[in-house]
Structures are given as C-alpha cells and as structure tokens.
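Student: I'd like to walk through this model with you. Can we take it piece by piece?

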Amino acid sequence: TPVPVIPMAIQGLWGSFFSRRYGNAMTHIPKRFWSKIGLQVGRAIAPQDLSSASLQESVIALRGKWK
C-alpha cells in the first residue's frame, strides 16, 4: 500500500566516537565527550511524488552543512 514518506536526517554524529571519520568507529579517542545530536524532520512526500533522487535531496537539505 503506497504511503507518504517522511524524510529525516541525524545531525552531529560526524566526528563523534561512533563515526568513521578517523577510521573504524569506536577505535579512537573522542575529541569531545558530549555531542549535541539533532534530528531534523521534513515534510511528508506523497507516494506519487517520491523517487530515490528526490528523497536523497530532501535528506541532504535537512542534514545541513558537513563540518
């Protein structure tokens, strides 16, 4: 059954202890102890308007600028 899709993006994980920025995850000494993690939620996309390219664009826009 076609349903609307709600795009979401998690912010603030890059460079944390759990990211792979410095190699394998959880194998490096963290540069910061507490990270501010955010969840950005976009508007629902109707099933007839959905494509993988449009969903990717929505998530990239929600994610914001990489640090």
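Predicted model: local features only at pLDDT ≥ 70, side-chain atom pairs only at ≥ 80, totals over all residues.

Here is how the talk went, question by question.

Student: How much of the chain is buried?
Tutor: Buried here means under 20% relative accessible area. The chain has 67 residues, and the share of them that counts as buried is 13%.

Student: Is Ile37 buried, partly exposed or exposed?
Tutor: Ile37 sits in the loop between strand 1 and strand 2. Its relative accessible area is 47%. Buried would need under 20% and exposed over 50%, so Ile37 is partly exposed.

Student: Which residues does Ala44 touch, leaving out those up to four places away in sequence?
Tutor: You'll find Ala44 in the loop between strand 2 and helix 1. Ala44 and Val5 are 39 residues apart in sequence, yet their C-alpha atoms are 5.4 Å apart in space. With residues up to four places away not counted, the ones Ala44 touches are Pro4, Val5 and Ile6.

Student: Take contacts between residues at least 6 apart in sequence: what share joins residues at least 24 apart?
Tutor: A contact means heavy atoms within 4.5 Å. Among those between residues at least 6 apart, the share joining residues at least 24 apart is 63%.

Student: How far does helix 1 reach from its first C-alpha to its last?
Tutor: Helix 1 spans residues 52-63, which makes 12 residues. At 1.5 Å a residue, 16 Å is expected. The model comes close to that, with a reach of 16 Å.

Student: What follows helix 1, and how far is its C-alpha from that of Ile10?
Tutor: Helix 1 is followed by Gly64, whose phi is positive, near 85°. Gly64 is partly exposed, with a relative accessible area of 31%. Gly64 and Ile10 are 54 residues apart along the chain, and their C-alpha atoms are separated by 9.7 Å.

Methods:
Residues numbered from 1 in each chain as written. Heavy atoms only, no water. Helix = DSSP H or I, 4+ residues; strand = E, 2+ residues; numbered from the N terminus. Expected span 1.5 Å × (residues − 1). Buried < 20%, exposed > 50% of the residue type's maximum accessible area, 1.4 Å probe, protein only.
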